[in-house]
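Open the structure in your viewer and keep the selection panel at hand. This tour goes stop by stop.

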Amino acid sequence: MHGSYVSPNATLGAGVTIGRFCIVEDGVTLADGVVLEDYAMVQAGARIGARTKIGTYTKIGRDVRIGEDCSFTSFCEIRDRCDLGDRVLMGSRGTLSAGTVVEDEVVMKYAFVVTDTPDLQKNNEKSVGRLKRKSRFGASVVIMPSVTIGENAEIGACSQVRKDVPDNEVWFGTPAKYYRDVDAAAPATAAVRKLALAR
């Protein structure tokens with residue numbers, strides 16, 4: 001933990017690994033086997049599930065909840081109050097706007113972004129997206145505010161998604177449009193398993 005700061009009010013499980021120059025603030029919980037690589041930051045009140053890996057220069061915001069067996073590579077930003085399930089994978093330079101909900105087994109490739117926007121009729125309350133279970137995203141995908149991506153849906157690389165995507169559909173483009181149904185012969189878990197093995 002050379003050069004790192006860990007609050008005395010943080011809770012660390014068994015086998016937690018903390019790299020160099022990390023920051024772990026008050027009220028943080030790191031469950032058993034969590035790995036923080038060099039220069040990672042976990043802000044106040046965040047809870048990170050067992051065996052999750054937080055990559056180099058990744059920032060976890062206040063009151064974020066992250067499940068078990070997740071992996072975030074370098075330069076990710078998970079902003080305040082995001083809620084992530086188990087076995088979520090995110091490539092480098094991914095960003096989730098505050099309050100984003102990500103369900104179990106979602107795969108996000110590099111430079112993925114969920115955006116938000118203030119609702120002026122609701123005192124600037126921000127609307128954000130929801131990524132349902134086993135949805136998968138290519139590199140450089142942008143999810144516009146308030147968009148929900150359906151369960152087991154796939155979004156092609158370099159797409160901008162401006163409206164809700166139903167379950168089990170493949171969309172791509174700018175703006176993203178329906179392409180075809182997900183191939184039932186290629187289960188979503190295969191994509192998750194392949195990426196997990198590459199970690």
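Predicted model: local features only at pLDDT ≥ 70, side-chain atom pairs only at ≥ 80, totals over all residues.

Stop 1: Show the strands. You have an open sheet of 9 strands, paired in parallel. Follow the order β1-β4-β7-β10-β13-β16-β19-β24-β27. Now select 5-6 and 160-161. These are the edge strands β1 and β27, and each pairs on one side only.

**Stop 2: one end of the sheet.** Select residues 142-143, strand β24. β24 pairs with β27 in the parallel sense, over 2 bridges. Pick I143: its bridge partner in β27 is V161.

Stop 3: The structure holds 5 aromatic pairs. Select F21 and Y39. Their rings are stacked, 5.3 Å centre to centre with 20 degrees between the planes. F21 sits in the loop between β3 (17-18) and β4 (23-24), and Y39 in the loop between β6 (35-36) and β7 (41-42), so the pair ties together parts 18 residues apart in sequence. F21 is partly exposed, at 37% relative accessible area. Y39 is partly exposed at 37%.

**Stop 4: the next rings.** Select Y57 and F75. The ring centres are 5.0 Å apart and the planes lie at 10 degrees, so this pair is stacked. Y57 is in the loop between β9 (53-54) and β10 (59-60); F75 is in the loop between β12 (71-72) and β13 (77-78). The pair therefore ties together parts that are 18 residues apart in sequence. Y57 is partly exposed at 43%, and F75 at 41%.

Stop 5: Select F21, Y39, Y57 and F75. They form one aromatic cluster.

Methods:
Residues numbered from 1 in each chain as written. Heavy atoms only, no water. Pairing = 2+ DSSP bridges. Helix = DSSP H or I, 4+ residues; strand = E, 2+ residues; numbered from the N terminus. Phe/Tyr/Trp six-rings, centres within 6.5 Å; stacked < 30°, edge-to-face > 60°. Buried < 20%, exposed > 50% of the residue type's maximum accessible area, 1.4 Å probe, protein only.
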